[in-house]
Amino acid sequence: MEVDVNIDATETEEVTEQEAKQELDRLLSDPQFHSTDRNRNFLRFVASEMFEGRAAAVKAYTIAVDVFGRPCSFDPTTDPIVRIEATRLRASLAQYYEAHAEEGSVRIELPRGRYIPVFTKAAPQAETIDEADLVDAPETGRTNSGWKSRISDRRLVLAGLVAATCGFLWFLAGRGPVYSEKPNVAIEMKLAGDQTDIEAGLIRDYLMTALSQYQTLKLAAGDLGSETGGIRSAAGSLFGAQSRMDSRYDVILKYHPDDHAHAVWWQVVNPATGEALRSGVERVEVDRRSGIDVRYELITDLANRFAGTRGVINGLELTRELRSPTFGNGCVLRSAVALEQLDTGLLHEVQTCLGTSLLDAPNNPDINAELAIVNLELEAPEAPTELTAQALTLANKAVSLAPTSDRAGYAQMLAQFRNGQTEASFVSGYRAMGLNPGNSLIPARLGTMLFAVGRWAEGVGMAVKAGMIDGAAPSEAGLTLALDAYRRGEFAEALLRVQQMGRSENYIANILELAAAGQMKNAADISEAAKQLNARRKHFPASFRSDMAARHYSPEIVDKLGAGLTKAGFVLPAPVADASN
């Protein structure tokens, strides 16, 4: 049997079946491999199928039925459990091998877009770019870029956490504060000199447009290698002269079409040193679709790969932040990680960083928008202070400064909803989605808000859309799907979905988990969920209805959740309408 080997390995030493099986057994028995039993079974199943020569038969359906116990009527288009768990497994594998792998040891990866593991002995290393590589770049799929993206995602999170924990230690080191700008990025499409050049040129042009929608980077004009990066003077700045910094990246592309798929090989290069920092392949299957549809999907994937919150460029920038934290764009980058982790300490530190940056750049739309988002995250909806109103002021200012910024529109949507302007928030949310269709956070959060006020189908539709963008639903989208399962009386599904989120600090997720466990009379889950909820909000039964009202949840879903809490053994106050009779 041939063991699947990572095509992006810099060494080609073959991994034997025996070595692969030994590494699988070792990994699954290692307590340092932090993964759920569900995902350990997932990995064991897909690896065993590969060893038995049945790799081609492994699909989302077989995994859902054979591993996750889904019924034979399982439909992967409406139930994303396999994609969700595959994403979690990839992250667990990347985390483990980042911390524990040794050079030359066998590693296991689960490439994005497929469920068959890949075994390799070689550590991924940067390569210098060579024209021969451009000509002979393999026309392979997401095996390459997908695996690298998960490593990049994990580094992004780790770098952000460490950078935020370090705080402002550069003051202690005796150096002045530095204000960082968005990175400059130049795009070049290498042409093949044949009939594919026209399509390749279109891909580059449309990609430039898609990248501009993210507004997480600055697109450099002119030829590659022009001197636009580095340290720039900032006389009169709060941070002093010679204290502003931006960085530069060159992205080189090569288009590879064939009858079955269209692919783009890419490489991110440091123009100052010529070092290849990241490389990969984005591949889209044709599947009898029109050329326009294939091109659109390819461009969307590429844009998200480079400019998304978890994209390659932001990952590289966060790695730099780890080495030398900055104000300005550095605060914005660390904020994304702090918001994902929902760590209160990190959020407070980012809040300080953004506030200081705003003193120097009061008209920076990204800083205004990000500070609004952080303020709302730190503010309890049931006990609003001036931060809630301030967040709306900051978000509105960000939109006025940058009307085409999806970040500003997202912040405005959140602030309007929190301040009770629900209909206006929906308008802002749909507008922000139009500004950047590749940002999955917008439909994910918009879906939770729509669902909260009782627009069930619309909210679920947004959650599904968010999952389709990234291949796995963001946590907010997962919460909406879990709430909808509960609303429909599918309590086991609701409990499973909310437990998959793993967000013990999310009040609504805690309430839902406890209510679903109560409906199922599951004593163990009731005890665990109640413990998490009490740690977040003591005496929650008494404040349950007012807490939900502060979050703008409709009476119908509140009553349904309340019924589950009652079955879990908690005494809730009567609804206001009943109490007045």
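**Close-up views of a predicted model**

View 1. Helices here are DSSP runs of H or I with at least four residues, strands are E runs of at least two, and both are numbered from the N terminus. This is a predicted model, where local features need pLDDT of at least 70, side-chain atom pairs count only at pLDDT 80 or more, and totals for chains, interfaces and linings use all residues. Residues are numbered from 1 along each chain as its sequence is written, and side-chain values use heavy atoms, leaving out hydrogens and water. The end C-alpha atoms of α2 (residues 37-51) are 21 Å apart, which agrees with the 21 Å its 15 residues should span at 1.5 Å a residue (that is, 1.5 Å times one less than the number of residues). Buried residues of α2 include Phe 42, Leu 43, Phe 45 and Val 46, but also Arg 40 and Glu 49 (buried means under 20% relative accessible area, with a 1.4 Å probe and protein chains only). The buried set packs against α1 (17-29), α3 (60-66), α4 (81-100), β1 and β2 (118-120), with contact meaning heavy atoms within 4.5 Å.

**View 2. Arg 107 in strand β1.** Arg 107 sits in β1 (residues 107-109). Arg 107 counts as buried because its relative accessibility is 10%. Its C-alpha atom is 5.6 Å from that of Phe 119, 12 residues apart along the chain.

View 3. Five strands line up as β5-β4-β8-β9-β10, with mixed pairing (two strands pair if DSSP finds at least two bridges between them). At the edges are β5 (218-219) and β10 (275-285), each pairing on one side only. Strand β9 (residues 261-270) runs antiparallel to β10 over 10 bridges; Val 268, for one, has Arg 278 in β10 as its bridge partner. Helix α7 (residues 197-214) packs on the sheet and touches β4 (184-190), β5 and β8 (248-257), its direction making about 165° with that of β4. Helix α8 (residues 291-307) also packs on the sheet, touching β8, β9 and β10, at about 150° to the direction of β10. Axes are lines fitted to C-alpha atoms, for helices over the stretch in contact, and angles run from 0 to 180 degrees between N-to-C directions.

**View 4. Where α12 meets α14.** The axes of α12 (residues 365-378) and α14 (residues 406-418) come within 9 Å and cross at roughly 35°. Among the residues that meet are Ile 373 and Leu 376 in α12, and Tyr 410 and Leu 414 in α14.

How values were computed:
Buried < 20%, exposed > 50% of the residue type's maximum accessible area, 1.4 Å probe, protein only.
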